[in-house]
Amino acid sequence: VDLHPIQTPPSDEEQRAVDALLGPEPREDDLPSAVADVRGQRHLLLPALHAVQSRMGWVSPGALGYICKRLGAPPAEAFGVASFYALFALSRRPPTVVHVCDDIACKAAGADSVLAALERGHNPVAGGALPESTWMRSPCLGMCERAPAAMVVSAGPEPFERAFGPVTIESVEQAILRHRVDEQPRTVLPQAGDPGLRLLRRVGRADPSRLDDYRAHGGYEALRRALDLGPSGVLREMNDSKLVGRGGAAFPTGRKWEAVSQAPVRPHYVVCNADESEPGTFKDRILMEEDPFAVVEAMTLAGFATGSERGFLYVRGEYPLATDRLDSAIAQARTRGYLGPDILGRGVRFDIEIRRGAGAYICGEETALFNSIEGFRGEPRNKPPFPVAVGLFGKPTSVNNVETLVSSLDVIASGGLAYAALGTPGSTGTKLFCLSGRVARPGLYEVPFGTRLDALIALAGGVAGGRPLQAVLLGGAAGAFVTPAEISVPLTFEDTRRIGATLGSGVVMVLDDTVPIVPLLQRMAAFFRDESCGQCVPCRVGTVRQEELVTRLAQERSLGSPAVELVLLKELGQAMRDASICGLGQTASSAIESAVTKLKVFQGGPP
Ligand SMILES: Cc1cc2nc3c(=O)[nH]c(=O)nc-3n(C[C@H](O)[C@H](O)[C@H](O)COP(=O)(O)O)c2cc1C
Ligand code: SF4
Ligand code: FES
């Protein structure tokens, strides 16, 4: 594909899939107002690619050419975008694909034996020249509490997408054969019924498909209070609460909202970052699946406080159930006057559009996410300028994590000072933690900041089978290992920093003495190499070299001596930290380095 228009025509089916999204193609004699002219609306590129992928199972040159013609997008650029995402296929493949997770939590739960059995002999169903279905390996699907997990994606006139788990070789084979899986059981919270739950208090209790049920469980009380307080009152409460972002960077939310509200340039935007692709993380998925109206209400509240009339909700492509539930929640909120031009009759305007990611971890980085929504490759931008000044479509933007937004409802409902009284002075409120791996009761937990790590693991039933603890991976692949000696660390931003760890996205992956650590390090190294957007050299080259080094050390094929290789690994990590543009490269070595220094892997320590 080059800069010339693609000459291959689309098939009728491809054209219909695109037209269903963009409207019929204008004819020469159409009056400009008779049909929607979508030329120049580049932000529709990602939805258009999704439309074709889910109808046809791949994006053919003809379909890509037709999308380019409709949107007025250069084919070379559109090809660059389509090829950026793992969930789009640019060559023909079977319409049904079962994505089987081979990432760290699933490995710790025995995914390797399922994958080995699939590799040994499973031949996808034959159906003419091309099989009707197949399977492939996938990074973390955000279902780690049901590890090992998989997701079936079946394209066609009635596309089907669902994640499922825990899987066995039999259940994966069934999904490959049937192109479907049965309805999955609803999420059961291990803490169900605990009166101390705040963010999770509706999960499992309110029906996520009914606005009235949401309201019956306290829904929209925070927004009503916010409308009474006015934008400046909301900002005061947010600052009083000392709430900081839960997406990893821990930036004060009140300050972010205030900066956007005061920005002179208009319009302002609110973006909900629901890309959640950090291996081991599933908290936002459960909030969106089980309490979708809370996400809608919280975005509306953020819109009111920041003077934004339009919000974008960027959901990771591997979360089909969350997307369906949010879609339905937005539609109901619109019908009932909780979204739209005159919210609750108070003259406030706000509405939300959903954008689906398509399999790219880097799109969780806030500026990569803007590029993705705008229809460009999901490559991070240089900062400054920061999003509060120059964000989505170049306008002031408040981008927040799902958990941060839902926490803001708690802040407004209970009052900023009351919220700040929870947790510790430096880390206020409650926090969601994703417990996975070799723990007795994996799942999503909510505890006040300051709860000790060993107490949290005890709340989850302790190490599965009462085996000895080897280590805990805290904060995900971009986090660090915590040793048994450090297990009493209080879970706060300040205390975890003290031991060289981070809370990150709330991953608590428990590893007992049966789990080999080195294969997890190899998987993490492969993950960062695969997910690097390739834009800057330290990360593009560094993640490749890091994977090579870890592999050589794992296979005891060191060039020179292992000691020299370990020095090289450390220097490489330092170079990536110092010189990478964004957090991916800056954190790509942190878990691996912590395994080397703390667990002494490759030095006669744990395997
Ligand atoms: C590689 C990378 C991936 C990220 N992924 C996510 C993500 O999936 N969800 C998220 O909320 N923040 C993610 N972030 C952090 C965002 O850039 C940003 O800080 C966050 O969305 C701000 O929201 P908050 O203030 O509510 O935390 C990621 C950052 C990096 C560098
Ligand atoms: S650090 Fe990595 S992911 Fe981030 S911009 Fe550079 S190459 Fe891309
Ligand atoms: S779903 Fe497999 S590691 Fe998260």
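Two elements, β9 (397–401) and α22 (583–587), each put at least two residues into the shell around ligand 1. Of the contributors, β9 gives the most, with three residues. Keep in mind as you look around that this is a predicted model.

Let's stay with the ligand for a moment. The shell holds 20 residues, and the closest are Gly247, Lys256, Asn273, Asn401 and Thr404.

Now for some individual atoms. The side chain of Lys256 has an N or O atom 2.9 Å from an oxygen atom of ligand 1. Glu276 works through its backbone instead: one of its backbone N or O atoms sits 2.9 Å from an oxygen atom of the ligand. Gly364 also uses a backbone N or O atom, this one 3.3 Å from a nitrogen atom of ligand 1. As for cover, ligand 1 on its own has 610 Å² of accessible area, and the protein covers 89% of that.

Next, the salt bridges, of which the model has 44. Start with Arg316 and Glu318, whose closest N and O atoms are 3.0 Å apart.

The side chains of Glu486 and Lys598 meet in a salt bridge at 3.1 Å, N to O. Glu486 belongs to the loop between β13 (480–482) and α18 (493–498), while Lys598 is in the segment after α23 (590–597), so to speak 112 residues away. Lys598 is partly exposed, with a relative accessible area of 24%.

Some charged residues go beyond pairs. Which residues are linked in a network of salt bridges? They are Asp102, Asp103, Glu119, Arg137 and Arg523.

With a relative accessible area of 18%, Glu593 counts as buried, because the class takes in values under 20%. Leaving aside residues up to four places away in sequence, Glu593 touches Lys570, Gly573, Gln574 and Arg577.

Finally, head over to helix α3 (residues 61–71), where you'll find Tyr66. How accessible is Tyr66? Its relative accessible area is 3%, so Tyr66 is buried. Who does Tyr66 touch, not counting residues up to four places away in sequence? Its contacts are Pro10, Gln15, Val18, Asp19 and Glu25. With Asp19 there is also a polar contact, side chain to side chain, at 2.7 Å. And if you go looking for Ile6, you'll see it 8.2 Å from Tyr66, C-alpha to C-alpha, although the two are 60 residues apart in sequence.

Technical notes:
Residues are numbered from 1 along each chain as its sequence is written. Chains are lettered from A and ligands numbered from 1 in the order in which they are written. This is a predicted model: local features need pLDDT of at least 70, side-chain atom pairs count only at pLDDT 80 or more; totals for chains, interfaces and linings use all residues. Side-chain values use heavy atoms; hydrogens and water are left out. A salt bridge is a side-chain nitrogen of Lys or Arg within 4 Å of a carboxyl oxygen of Asp or Glu. Helices (H or I, at least four residues) and strands (E, at least two) are DSSP runs, numbered from the N terminus. Buried means under 20% relative accessible area, exposed over 50%, partly exposed in between (1.4 Å probe, protein chains only). A residue is near a molecule or strand if one of its heavy atoms lies within 4 Å of it. A polar contact is a pair of N or O atoms within 3.5 Å; within protein, one must be able to donate a hydrogen and the other to accept it, and residues adjacent in sequence count only if both atoms are side-chain atoms. Accessible areas come from the Shrake-Rupley method with a 1.4 Å probe; for residues, only the protein chains shown count as cover. Contact means heavy atoms within 4.5 Å.
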